[in-house]
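Hi,

Here is the structure I promised to send over. Have a look at it first, and then read my notes below.

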Amino acid sequence: MRLSSGRVPDEPEISLVSLIDVVFCLIIFLVVTTTFDHRSALRIVLPATDSRAEVQLEQPMTVLIDADGRVYIGENEVLKTDPASLRAALSQAAGGNRERQVVVRADARSRTQSLVTVMDSLGQLGFTRIHLATAPEARP
């Protein structure tokens, strides 16, 4: 009595073509659904206000103060936050234009002293068009 037929059993085979198609579909899905945030490293929470007035600004100089008290002028961090260094950095960023609008975006959790130092430095340099950025108050 012969139990085997003499044929070699078929080897299992994985089709790589369909696997590659599935991987490409996943990659395309992830690329299309991903959002890019150019300031994802700076997480600040703006203080709330009831005012709904919006100011239209043309190329303002932006000063950011994060929750740890670090100061950024535009995209550049100011390493020393003492008033003299801050004035020098602000003066260099603004050039000779003291009529330029300045938007100060301070995190609500930052120390008040950091905001006061920035505002005082701007005032000593002669900036008069200074705006504080706020977020609308959340309504229940």
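One thing to keep in mind from the start: this is a predicted model. Valine 103 has histidine 131 of S6 as its bridge partner. A second pair of this kind is valine 102 with isoleucine 130, again in S6. In total, three bridges join S5 (residues 102-106) to S6, and the two strands run parallel.

On to the other partner of S5. Five bridges link S2 and S5, which are parallel as well, and one of the pairs there is isoleucine 65 with alanine 106 of S5. Is S5 enclosed or open? Four of its five residues are buried, so the rest of the structure largely encloses it.

Zooming out, the sheet is open and mixed, with five strands in the order S4-S3-S2-S5-S6. S4 (76-78) and S6 (130-132) are the edge strands; each has a single partner, so one side of each has no neighbour in the sheet. From one strand to the next, the twist averages 25°.

Now the helix between S5 and S6. S5, H3 and S6 together make a right-handed β-α-β unit. H3 (residues 112-125) lies across S2 (61-65), S3 (71-73), S5 and S6, and runs at about 170° to S5. The loop from H3 to S6 holds glycine 126, which is partly exposed because its relative accessibility is 33%. The C-alpha of glycine 126 is 9.7 Å from that of asparagine 97, although 29 residues separate the two along the chain.

Last, H1 (residues 16-33), which is another story. Its 18 residues reach 26 Å from first C-alpha to last, close to the 26 Å expected at 1.5 Å a residue. How many of them are buried? The number is zero, so H1 lies largely in the open.

Cheers

Note on methods:
Residues are numbered from 1 along each chain as its sequence is written. This is a predicted model: local features need pLDDT of at least 70, side-chain atom pairs count only at pLDDT 80 or more; totals for chains, interfaces and linings use all residues. Side-chain values use heavy atoms; hydrogens and water are left out. Two strands pair if DSSP finds at least two bridges between them. Axes are lines fitted to C-alpha atoms, for helices over the stretch in contact, and angles run from 0 to 180 degrees between N-to-C directions. Contact means heavy atoms within 4.5 Å. Buried means under 20% relative accessible area, exposed over 50%, partly exposed in between (1.4 Å probe, protein chains only). The expected span of a helix is 1.5 Å times one less than its number of residues. A crossover is right-handed if, with the strands pointing away from the viewer, the path from the first strand over the helix to the second runs clockwise.
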